[in-house]
Each structure stands twice: as C-alpha cells, then as structure tokens.
Amino acid sequence: MSTVTIHPSRRLLLAAAALSGLALPVRAHHGVRHLRVGFVNPGRASDRFWQMSDLAMRAAAKRFQITLLTEYAERDRQRVLSLGHEILAQQPDYMIIVNEHRTAAPLMAAAQAAGVPAILAFSGLAAEDLALLGRPRERSPLFLGSLLADNAGAGAAMAEALVADCRRRASGKGPVPLLALGGITATPAAQERLDGLHRVLAADGDARLLDQVAVNWSREEARDRTLSLLRRQPQTQGIWCANDDMALGAMDAAITMGRTPGQDLSIIGLNWQEDALREVAAGRMVLSMGGHFLLGAWALAWLRDHAEGLDFANAGGTEQYLALAPLTRDQVGPYLARFGEDGWTRIDFNRLRQHQGRYDLRVGSVLTV
C-alpha cells in the first residue's frame, strides 16, 4: 500500500497558518486512504504499561490503515525530544505527543514549525505548558486536541477504595494511617493522581497521610523507599501507589518487613498489569485502576476519523477524557481470560471510532468481558 504525505506547498500553508493564528479546515486530509502517524513512546521498552499501549496502538494502526512511526524513549527527556524531531523529519501526516518530562511544549512547537497537525494523549499540560501553547485550536489550528485519562478521578477512586478496605479489615474502628508512592512530579499525570488522593483525604476526617514520596515509576525503587517508610511508620494500614509497578514494589517491601498484604495491610495500584492483576486475584492487592493503555489506540481512531472529515471537535470537543475503571478480585479472571497474553487483536477497534456524532469514552464499551 502506498504511503501518502502532505505536499510541501501544503506544509508551508499549514506552518504559516500556525504562525498567524488563522483557522484552517479540519478536513485538510480528507480523502487520504493511508496515513502515517508519529509517536514517541516515553516509557522504557521493559515498562509493562507502555508495552501494552504500544501493542494496542499497533493493532489499531493495522485496523485503521495507519503506518505508525514509533520508538521507545526509555524515560529519557532528551531522547523524547530527539526522537520527536527525527520522526517529524519524516513528515508524518499527524503526530501524537505525550507530556512526559514536560516535553509537550517543545515537541508541539516543532510539529507546528513542520506543519504537522498533532494531538496530545496520555498526559496533559501543566500550567506553564498551557501558558505557552494555549488550549487546542486556540492559538494554532495544528494543535488539534487532547485525549487524556481522568487521572484525578482515578486517584480519588483509588483513595476511596483503599480507605474502605482498611476500614473493612479494622471493622471500621479508629484512624486510617496511609502512605503514598507518587510518580515523578515532572509528569502532570502523576500530580493529577495525587490531587485526587488529597481531595479524598481532605474530605475524610479519619484517614491521614503519614508520608508521601516521589518514585520514578519503578518496582525496585518503590521497594527500597517503602522499606524505609515502613520502618519509620510501622502503624501504616494502607499504601496508595500511582502505578502497579510501585504497588508491586511496596508489596515486596511489606513482605520483607513481615507484613501480610491483604490481611494486615492494604495496597492499591493502577495500570492493569498482569502481574498486579494476579495479586488482585489472590487478594493481596485491593484492585488496579486502568484501561488508559487504550488512549493511544483511541487517538489513532480520532485521527482516522479526522482524515475522513469526521472532526472529533464536533463529537465531544477538542479536549476529552477517559474515565479509568477498576478491576477487582471478581473481575480479573474474566478479563485475563479474554485479553490476557496481549490479546488486543480481540478488540473491535471500530468501537473507538465516532458513531452517531459521538465517542463512547468508556473502557467497558471496548473491553467487554
């Protein structure tokens, strides 16, 4: 199948429009059958969440007749930027940008200079980024939109479930002392999840945070930090973790300290990683929030629609959010039976596309078990 790129004269028009703030028709790619979309995966090739995202995107790209230009950046800020420039030099039809390590603003500026329309996915803009870029289509027609996870909502739901589990074990008596392992502060998603946690704690008179540390999304680092925290705070009843790798590291530390997760300690995570889900099934983790690994595939559906003249801005707006969903002990088995072992080809990716003028941004609408 042939590859279609934007004619150089069209790129000059797009770049000029970006600089002048002129609006362009959103059907700039109408009639294009095959697309090339660039994406810098900010994670490590060994990060299970980013593996899941990558595999889902590849399966969706195949379904949508998209060539996906992608590389892992290994959680290295400079590598994110250099890979982004390399991909933009290949003149893709669209670019998907993640604001990991605050790289969205420079990459969006580079995309605009190259005349490449781009959307933001997975991690949104910090206040400083927003001051530079503005909102989608506010200052440049090439900043098409953002498709993000409701990280604050996920953090809050995790906090509520964690506190409830601690109270269940203690028969609802006394205070609920907690620890929190947050992600790196340079990633807005990490701060948003913590914001959700703190919102719940502020409304709860008895749940209190003993300590909070930032961990670089790593199981090993989380284990080491949790060992120190539990030695200092042995009264801890629950540990809130911003992703599953950190939850697994916290579990490793707790077992080393002679604790029994699921019996005298509650742990919660996020990502729907299989190794974490097995711990949920065994009763050693409360639950895992997730489903947002599909955001990249959903972004490709947006771009496929946009290329065919179906603008997502008219089907929910230029900024839309996916609500994460919990997988509890009873739900893990059916989920893994259908989608375990990287069974993303079983997804009907057409469900991610626009239907009757709207997108159904619910994880359950896609991952039916």
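Searching the whole structure turns up 11 aromatic pairs. Rings of Phe, Tyr and Trp (its six-membered ring) pair if their centres lie within 6.5 Å, with planes under 30 degrees apart called stacked, over 60 edge-to-face and the rest tilted. Before you start clicking, note that this is a predicted model, where local features need pLDDT of at least 70, side-chain atom pairs count only at pLDDT 80 or more, and totals for chains, interfaces and linings use all residues. Residues are numbered from 1 along each chain as its sequence is written, and side-chain values use heavy atoms, leaving out hydrogens and water.

**Stop 1: F39 and F122.** Select these two and you have a tilted pair, 6.1 Å centre to centre with 35° between the planes. F39 lies in strand 1 (residues 35-41) and F122 in strand 4 (residues 118-122), so the pair ties together parts 83 residues apart in sequence. Helices (H or I, at least four residues) and strands (E, at least two) are DSSP runs, numbered from the N terminus.

**Stop 2: W272 and F293.** Next, select W272, which is buried at 3% relative accessible area, and F293, which is buried at 0%.

Stop 3: Now show the open sheet of 6 strands, in the order 7-6-8-9-10-12 with mixed pairing. Strand 7 (207-214) and strand 12 (325-327) stand at the edges with a single partner strand each, so one side of each has no neighbour in the sheet. Strand 9 and strand 10 pair in the parallel sense over 2 bridges; two strands pair if DSSP finds at least two bridges between them. Zoom in on G269, which stands opposite S288 in strand 10.

**Last stop: confidence.** Colour by pLDDT, the predictor's confidence in each residue, from 0 to 100. The protein chain averages 90, and 91% of the residues score at least 70. Residues 1-32 stay under 50, and the model has 57 contacts for them beyond four places in sequence, a contact being heavy atoms within 4.5 Å.

Definitions and conventions. Buried means under 20% relative accessible area, exposed over 50%, partly exposed in between (1.4 Å probe, protein chains only).
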